[in-house]
Amino acid sequence: MGKSKILFINHFAGVPRLNERSLRHFILSKNLRSKDYDPFIITSQNHYHVIRSKKYPYNKVVIIDGVNFIFVRELSFKKNNLFTKFLKMISFSTSLFFAFFLRKIKLDKVKIVYSSSPDLFTSYVSYYIARKNKAKHYFEIRDIWPLSQQILHNFNKNNILIKILSKIEFFLYKNSDFLISPLKNFPAYMKENKISTPFKFIPQTYFNYNDNLTFSHDLKLDDFDKVGIYAGTVGKFYCIENILKSFPVELKEKIAIIIIGDGDAFESIKFLANEHNLNNFFILDSVDHSALLSYYTAADFAISSHPDFNELYQYGLCPLKTYDYMYHKLPILFIGNKNFLDIESSGLFETNFNDNIALRNAFFSLDKLSRGELKREGIANYKSVTKNNSPEMLVQNFKEII
């Protein structure tokens, strides 16, 4: 009897040092290897979240940090926009289909095919891969598609693409063997849409890199009393511009803010900082997690921004960087409604989304706290996240359903 194979199929799966936005499936794969299970991650090496250029052979097993990866080909574009993202999804899912059905990828004894949104085209192909192999199909919902696209990009619900995606979405909900989500209110969405498929809430986690390593950065931060950090999507949807617009001029010499990431607001953020002579804002492109640690180490608090005025987030919120902030003992200025999180901690300072006066006052409140007081709140975050969102708990939750 050979080992049972578990396939984690995710167009946007995290790969150490290549794309580290979410290493959820990497953590599961690394910890599920045993005499009984042989996990594989099937993903792309050049999707739009990639921060390093690296070419691995396609449709072959590549072992990275002890984990089996198989990379599937997709189209590549110089420009990154909504249209090219759509073409990449179609390209990846089509390549995945032919790779399996033409036996370019040969895997036997597949027990579970675990596919992950937001790429519904890939999850649809994954469902048929599971059925062809007489395996179970587990469907993970991290983002509710196409609801998120209707809200993020103002698609009308009668748009032909939205209708197609909705058909795929509910087909997968109703025909998969199991549903999994880190969105704490997803059962409400299931109830509203009469979905009775077995479901388990499995919280998001952090990746516990070795924090004993020494990192350095070249930012001049010693002249400031405190340092804040925002790492993640620098998008218009998250109103990152408000952080700059609301920042009190009186605190320019006292608090520095590091913004790291990419998105459709990145260039406008840089322009805004230059236009208003905000020399205390350091705006940087995305970096890998090991480099990010140097900035976490330099920071006294973190910033997380999420809109709370639309129907999307009523089903829950799992911002990846928030768990990293907490693990690295940072208190968080949370812009939005923290009740949508699956997190309970005293180290989250909440302010209303899109309320510049409240955000301005929040910066004054942070200024009044000593570094020691901020550190105590950061430790409260660390205790909370290591208790409720540890990688060990992620693995244990998954083992319970297999």
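This is a predicted model: local features need pLDDT of at least 70, side-chain atom pairs count only at pLDDT 80 or more; totals for chains, interfaces and linings use all residues.
1. Phe 97 is partly exposed, with a relative accessible area of 35%. Together with Phe 98 and Leu 102, Phe 97 makes a nonpolar surface patch of about 290 Å².

2. The model has an open sheet of 8 strands, arranged in the order 3-4-2-1-5-6-7-8, and the pairing is mixed. At the edges you will find strand 3 (61-64) and strand 8 (199-201), each of which pairs on one side only. From one strand to the next, the twist averages 25 degrees.

3. For a worked example of pairing, look at strand 5 (residues 110-116) and strand 6 (residues 136-140). How many bridges join strand 5 to strand 6? There are 5 bridges, and the two strands run parallel. Ser 116 has Glu 140 in strand 6 as its bridge partner. Remember Glu 140, as you will meet this residue again below.

4. A helix also packs on the sheet: helix 13 (residues 391-401). Helix 13 touches strand 1 (4-9), strand 5, strand 6, strand 7 (178-181) and strand 8. The direction of helix 13 makes about 170 degrees with that of strand 8. A salt bridge also joins the side chains of Glu 400 and Lys 200 (3.1 Å, N to O). This pair links distant parts of the chain, with Glu 400 in helix 13 and Lys 200 in strand 8, 200 residues apart.

5. Next comes helix 1 (residues 24-32). Is this helix mostly covered or mostly uncovered? Helix 1 is mostly covered, with 7 of its 9 residues buried. The buried residues are Arg 24, His 25, Phe 26, Ile 27, Leu 28, Ser 29 and Leu 32.

6. Arg 24 forms a salt bridge with Glu 140, and their closest N and O atoms are 2.6 Å apart. The pair connects distant parts of the chain: Arg 24 lies in helix 1 and Glu 140 in strand 6, 116 residues apart. Both Arg 24 and Glu 140 are buried.

7. The model has 9 salt bridges in total. One of them brings together the side chains of Asp 108 and Lys 5 (3.3 Å, N to O). Asp 108 is partly exposed, with a relative accessible area of 47%. Lys 5 is buried, with a relative accessible area of 12%.

8. Finally, visit a loop. Where is Ser 76? Ser 76 lies in the loop between strand 4 (67-71) and helix 2. At 57% relative accessibility, Ser 76 counts as exposed. Leaving aside residues up to four places away in sequence, Ser 76 touches Asn 46 and Lys 88. The C-alpha atoms of Ser 76 and Leu 87 are separated by 9.3 Å, and these two residues are 11 residues apart along the chain.

Terms used:
Residues are numbered from 1 along each chain as its sequence is written. Side-chain values use heavy atoms; hydrogens and water are left out. Patches are made of residues with over 30% relative accessible area and no salt bridge: like charges are joined within 9 Å, nonpolar side chains (Val, Leu, Ile, Met, Phe, Trp, Tyr) within 5 Å. Accessible areas come from the Shrake-Rupley method with a 1.4 Å probe; for residues, only the protein chains shown count as cover. A salt bridge is a side-chain nitrogen of Lys or Arg within 4 Å of a carboxyl oxygen of Asp or Glu. Buried means under 20% relative accessible area, exposed over 50%, partly exposed in between (1.4 Å probe, protein chains only). Helices (H or I, at least four residues) and strands (E, at least two) are DSSP runs, numbered from the N terminus. Two strands pair if DSSP finds at least two bridges between them. Axes are lines fitted to C-alpha atoms, for helices over the stretch in contact, and angles run from 0 to 180 degrees between N-to-C directions. Contact means heavy atoms within 4.5 Å.
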